[in-house]
Amino acid sequence: MNAVIPFLKKPLVIALLLIVALLYLGESLSPGFASADQILRLLIVASLLGIVAAGQNVVILGGREGIDLSVGGVVSLSAIIAGNVMNGADGGILPAILACLAAGAFFGLLNGLGVTLLRIPPLVMTLGMLGVLQGLLVVIRNGIPSGRAAPGLSAFVTQPLVFGIPGIIWLWIAIGLFMAFMLNRTVFGHRIYAIGSNEHAAYMAGVPVRRMRIGLFMISGMFAAIAGLCLLGYSGSSFANVGEQYMLSSIIAVVFGGTSLAGGKGGYTGTMAGAVLLVILQGILTTVNIDESGRQMVFGATLLLLMLFYGRGRAMRA
Amino acid sequence: MTPTTIETPSARPGGLKLWLERYPFLPALIIVVALLALNGAFSPNSLSYRSLTGLLSTYMALIMLAIAQTYVVSAGDIDLSAGATLSLVNVAIVVLMEKWGGGTGAVVGAMICGILLGLACGVINGIVVAALRLQAIVATFATSIFFTGVALYIMPVAGTPAPALFWRTYGGRLLGLPFIFYVLAALAVLLFLLSRTRLVTQLLAVGDDQQAAYQTGLPVVLVRIKGYALCGLFSALAAFCLTGDTASGDPLVGGKMTLYSVAAVVLGGSALAGGWTTVVGSLLGALTIGLVNSLVFFMGTPSEWQNFVQGLAILLVLMAGVLAGRRARA
């Protein structure tokens, strides 16, 4: 028993148990919810969220109130850039990937420079950047048509690739392995935890704190850009503010994965489970037959309830 | 190494620092005056009495919401549900006023209910964040979804009009002066009275150093809940101003205003980390957002570029606000 309780308190275990419970609930509410087909469909949606959350995750791990509110704007921007660069032709996929990554890295760089050189709090800097990105989207949309996804990209996201599983899920698994390797086995990863738990100590130990932090925001921008590209493949064409929903849901996925918003503690495996959990919850709410108001109330209340399972702050002690 | 070489360069910043310490909203005031001047330069008409009162009535809701946000930020918290609370109160009072006939009694009754509703939302947030110890950003986002659901339940689609008595009063005149001036004067008195209360000092103490505040014997959890309640109260007041301005109910109207309220707080020179805030600054910060928007319009920016220029300008003044605020605190 003594070994079981701490095990059950691990965020990843909590998330996995909740996923199973929600799948069971969904299946009993509407038979067929937990069928293999449905689960694959949910996983595709979860992978889009999970890829955005990967970037959010490293920014949050880096501490100093790290947070990236501009990810939603980057997702939308990247979807429209990709749509225009490829414009329905498979030959355009590679240039589109490069263009999206460049755009994501550029806006991440600006965020990082504002946060490190000017020492603007991340929340403020990325909030301001979100406003700029939303304005930029209006400009772009007025000048050019929204563009179409290449068939190859759509197939990658929606059609089975290997063992009946779509490419995007393989991509997500690869990103998960990459993140686990980076965070646990590389100097860069260890330094993320170092600056996240004690920036000053990390600086004294010779960690290039500023460059690290700029790098984290660039990683966040690039992951958001990849998600935007995949989102285009998922929906076929981009529409206004497709990425907006990812701003706060990516943060919630990270929190559900057991990463503390204070930084320095957590990892990406939990975040992946958190993203799946969030998507299943939304899936159940769209399946059950209640109107929008009830759906929102239940969603909000459930999110609060689920948060109680995760890292609550410590009580004040004298 | 001699004392004189150290004293000379620090003398001037010292004076400036003193000013900033006494009037932390000074940088925000300078930005507002500069924006007013720019507005006047591009379109003299924009500085007319009429346009300025119009600007004030339009942005009074954001001013109230920014002030609401300031009180939670004082304690080092944040409220991402302020806009949803505004929407909820907006639809609730519109529906109640319609139900009760739209007379004076109905308006007053609905406003009392609106204030109670705002307070209730604030207390819920406070309990969730301070008592249950959830992380403020995600927890208040979750409550914002919940409040939006309740607002949608009360009024599924936007468009129910508010009674004429309500918006005619808000947009009209009283004893020869625009009604909005009375709102502003009442707000000033309210803010002054609040600034003399123990609660505001306690909020700042908690925001400055929670542990220290606790060890001095402050009931930290209760203080934070009260901060959220104050935020709910001002969100309700913001809803009144918005209803007076738009003359209708809309269950989603406040969603976009939340992040602007946070931006206004920062523009005003308050520190998001807590412990150092200025409500006057937040008021000016909200005005800054309004003035930037009107300036971009009066400059003759092509319509498709307006959002971009607004976003860029707000990012720049945000940076200026943070840098100036830090100068004051350093």
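1. **Extent of the interface.** In this predicted model, chain A and chain B meet through 48 residues of chain A and 43 residues of chain B. The size of an interface is often given as the accessible area lost when the parts come together. Three residues, A:M297, A:L304 and A:M316, supply 15% of the area that chain A buries against chain B, which is more than any other three residues supply.

2. **Where the side of chain A comes from.** The elements that give two or more residues to the side of chain A touching chain B are α6 (122–143), α12 (246–256) and α14 (292–307) of chain A. Of these, α6(A) gives the most, with 14 residues. When the residues on this side of chain A are sorted by type, they divide into 32 nonpolar, ten polar and six charged.

3. **Polar links across the interface.** How many salt bridges are there between chain A and chain B? The count is zero, while the rule for polar contacts finds one residue pair across the interface of chain A and chain B, with both residues at pLDDT 80 or more.

4. On chain A, the residues A:L161, A:V162, A:F163, A:W170, A:I173 and A:L177 make a nonpolar surface patch of about 630 Å². The elements that give two or more residues to this patch are β1 (160–162) and α8 (167–185) of chain A. The largest share, three residues, comes from α8(A), and A:L177 is a residue that lies in this helix.

5. **Salt bridges.** Over all chains the count comes to four salt bridges. One of them joins the side chains of A:R64 and A:E199, at 3.5 Å from N to O. Because A:R64 lies in the loop between α3 (36–61) and α4 (71–86) of chain A, and A:E199 in helix α10 (residues 199–204) of chain A, the pair ties together parts that are 135 residues apart in sequence.

Note on methods:
Residues numbered from 1 in each chain as written. Chains lettered and ligands numbered in written order. Predicted model: local features only at pLDDT ≥ 70, side-chain atom pairs only at ≥ 80, totals over all residues. Heavy atoms only, no water. Contact = heavy atoms within 4.5 Å. Buried area = accessible area lost by both parts, 1.4 Å probe. Polar contact = N/O pair within 3.5 Å; in protein donor to acceptor, adjacent residues only side chain to side chain. Helix = DSSP H or I, 4+ residues; strand = E, 2+ residues; numbered from the N terminus. Nonpolar A, V, L, I, M, F, W, Y, C, P; charged D, E, K, R; others polar. Patch = residues over 30% accessible without salt bridge, like charges linked within 9 Å, V, L, I, M, F, W, Y side chains within 5 Å. Areas by Shrake-Rupley, 256 points an atom, 1.4 Å probe, with all protein chains shown as cover.
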